[in-house]
Amino acid sequence: GADVERIVVDAADGDGLAELAGSTKVVVSTVGPYEKYGSPLVAAVAAVGTDYCDLTGEVQWMRRMIDAHQHDAAVSGARIVHTCGFDSIPSDVGVWFTQQRAIESLGEPCERIAMRVEAMRGGVSGGTVDSMFTMVEQAAKDKDLRSLLADPYALAPVDMRFGPQEPDVTRPVRDDATGEWLAPFVMAGVNTRVVHRTNALLGRPWGPDFRYSESMATGAGPLGAIKAGGIVGGLGLTMALSAMGPTRNLLKKVAPKPGEGPSPQAQAAGHWDVRFRGTTAGGKTIDTRVTGDRDPGYGSTAKMLGESAAALVELDPAKVGGGFWTPASAFGDALVERLEAHAGLRFDVV
């Protein structure tokens with residue numbers, strides 16, 4: 001990369017960002033926490049018509065960007081695609097893949113899909129931790145924000161922010177179908193909102209009552225129950241401590257800082273495996289799997305983000321116009337093909 005031109009612009013310099021956006025076809029942003037540093041760039045690309053993708057998982061910020069800049073992006077032709085990393089490509093594109101295969105093999109889409117994280121090995125991202133602290137701090141002070149974050153349809157278009165409630169898994173539960181114990185998945189509160197936005201943007205082809213949930217599988221028997229209980233307790237304690245200023249400051253001192261993360265060796269040794277079970281209105285079922293090599297938050301996310309940017313370069317404006325899209329609604333099977341060819345992902349019916 002030594003010969004690649006480097007342009008330096010302050011993230012708060014609106015004029016500089018507008019000039020930057022106007023000089024290229026696609027902007028890729030890794031600036032998180034986006035709540036702190038990402039808004040001026042989104043405003044700039046929406047105004048000048050430049051395509052954009054990022055890897056944010058900040059629901060409250062995405063909602064604000066959609067509401068503030070959807071009109072400008074639609075007019076200018078800018079295609080803006082959030083959540084192009086581990087949040088939320090495996091979930092969003094995994095549901096797309098499951099639904100397409102269900103329609104092909106079962107003759108109808110699934111009215112309900114449950115995702116289970118079967119395996120995940122990777123380190124902790126300092127940027128993700130900082131984003132979490134920012135979100136928890138804001139939510140502790142703002143009742144309306146807490147309500148928004150609890151809404152499965154928070155990211156849907158304005159006139160489609162409604163539907164059946166599918167509560168996130170918040171305690172250990174046993175899956176009757178598999179016998180496994182399930183625990184909360186920390187990113188479910190992001191991924192489920194993105195999946196419901198996809199269904200809405202596509203015109204709800206999976207039905208107005210489509211339901212989607214996510215959790216972590218911890219195994220069967222007493223050991224599985226103990227693991228699930230440990231995850232619930234650990235997440236609950238972390239959130240409680242993060243909500244209080246003094247303990248949040250202590251956690252910040254020991255947590256990874258933005259820009260810090262697992263070593264290159266640890267990234268290469270990471271992997272992840274998520275499973276989907278879809279059920280149609282007629283009671284038919286389909287099982288699919290999405291797997292990835294490398295650390296989910298760094299090695300795999302970097303490749304997913306890069307392929308999303310390349311897909312944006314090739315995306316036909318006549319098929320996908322300006323506005324805020326999700327990975328699945330913007331790219332569909334084209335992204336599945338790119339991820340399998342270049343990013344170490346596999347999509348399979350099992």
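The second largest pocket holds about 470 Å³. Of its 22 lining residues, those closest to the centre are A114, R116, D175, L182 and R277. This is a predicted model, where local features need pLDDT of at least 70 and side-chain atom pairs pLDDT 80 or more, while totals for chains, interfaces and linings use all residues. Residues are numbered from 1 along each chain as its sequence is written, and side-chain values use heavy atoms, with hydrogens and water left out.

A quick word on terms: on a 1 Å grid over the protein atoms alone, a cavity is a set of points where a 1.4 Å probe fits but cannot get out, a pocket is an open set with protein on both sides within 12 Å along at least five of seven lines, and lining residues have an atom within 4 Å of a point. Points are joined across faces, edges and corners, and a volume is the space filled by probe spheres set on them.

Back to that pocket: β4 (110-121), β6 (180-183), β8 (271-280) and β9 (285-293) each give its lining at least two residues; strands are DSSP runs of E, at least two residues, and helices runs of H or I, at least four, numbered from the N terminus.

| Cavity | Volume | Lining residues |
|---|---|---|
| Largest | about 60 Å³ | M62, I66, H82, T83, L155, V194, R197, F324, W325, T326 |

For the largest cavity, α4 (59-76), α8 (188-201) and β10 (323-325) each supply at least two lining residues.
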